[in-house]
Amino acid sequence: MAHDNRALYERHPWIAAMDTHRPPLGPGQTAKYPYELQALEGLGLSDLELDAALRFVLGFVETCARRRRGTHLDARDPPDRPAVVGGQRTAAAAHPDAHRYPLAVRVGTAVGNAFQALSNPDHAYTFGLQRVLDGPAALIQDRSRASFPPCGPETLN
């Protein structure tokens, strides 16, 4: 489901610029919600947790798409802006003072050496998606070990 949504943003990058707080509800959008819920059904989450987990994953994917879209827009910056290479600002522009920011320079250098850029959207997506999925997985595992009740308004009494 996350990969499907990422592919949707890659096919239609303009979607990342839309206001998703109140998306247009056409037949495709209406069918999308139950389709995506199917990916989470049967995991032991309450209905409220299913919706929250889905929105959590989709929010992460949307953020990645917006950042990727922003990276492509950076490539069109005017010449007086800091240097841009392949849509990424150069390390020199990002970390001007190695003595003042040694950690940032060390990490930025490692990233630059690994990806030949200041970041790699594919790596960030893969790493981040795994962390996003770890949250509900830990909830499900903890619940199965300790028999925690589902989280929702019914448990707030």
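I began with Asp134, which counts as partly exposed at 31% relative accessibility. This is a predicted model, so I am reading computed positions throughout.

Next I looked for a partner, and found that Asp134 meets Arg131 in a salt bridge, 3.1 Å from N to O. Arg131 also counts as partly exposed, at 40% relative accessibility.

Then I took in helix H6 itself. H6 covers residues 121-146, 26 residues in total, and reaches 38 Å from its first C-alpha to its last, close to the 38 Å expected. I noted its buried residues: Tyr125, Gly128, Leu129, Val132, Pro136 and Arg143. At the start of H6, I found a side-chain oxygen of Asn120 within 2.9 Å of the backbone nitrogen of Asp122.

Asp122 forms a salt bridge with Arg68, with the closest N and O atoms 2.9 Å apart. That pair links distant parts of the chain, as Asp122 sits in helix H6 and Arg68 in helix H3, 54 residues apart. Asp122 is partly exposed at 37% relative accessible area, and Arg68 is partly exposed at 24%.

Asp51 and Arg55 are 4 residues apart in helix H3 (residues 47-74), so about one helical turn lies between them. Arg55 is exposed, with a relative accessible area of 53%.

Last, I searched the whole structure for salt bridges and got 9.

Methods: Residues are numbered from 1 along each chain as its sequence is written. This is a predicted model: local features need pLDDT of at least 70, side-chain atom pairs count only at pLDDT 80 or more; totals for chains, interfaces and linings use all residues. Side-chain values use heavy atoms; hydrogens and water are left out. Helices (H or I, at least four residues) and strands (E, at least two) are DSSP runs, numbered from the N terminus. The expected span of a helix is 1.5 Å times one less than its number of residues. Buried means under 20% relative accessible area, exposed over 50%, partly exposed in between (1.4 Å probe, protein chains only). A polar contact is a pair of N or O atoms within 3.5 Å; within protein, one must be able to donate a hydrogen and the other to accept it, and residues adjacent in sequence count only if both atoms are side-chain atoms. A salt bridge is a side-chain nitrogen of Lys or Arg within 4 Å of a carboxyl oxygen of Asp or Glu.
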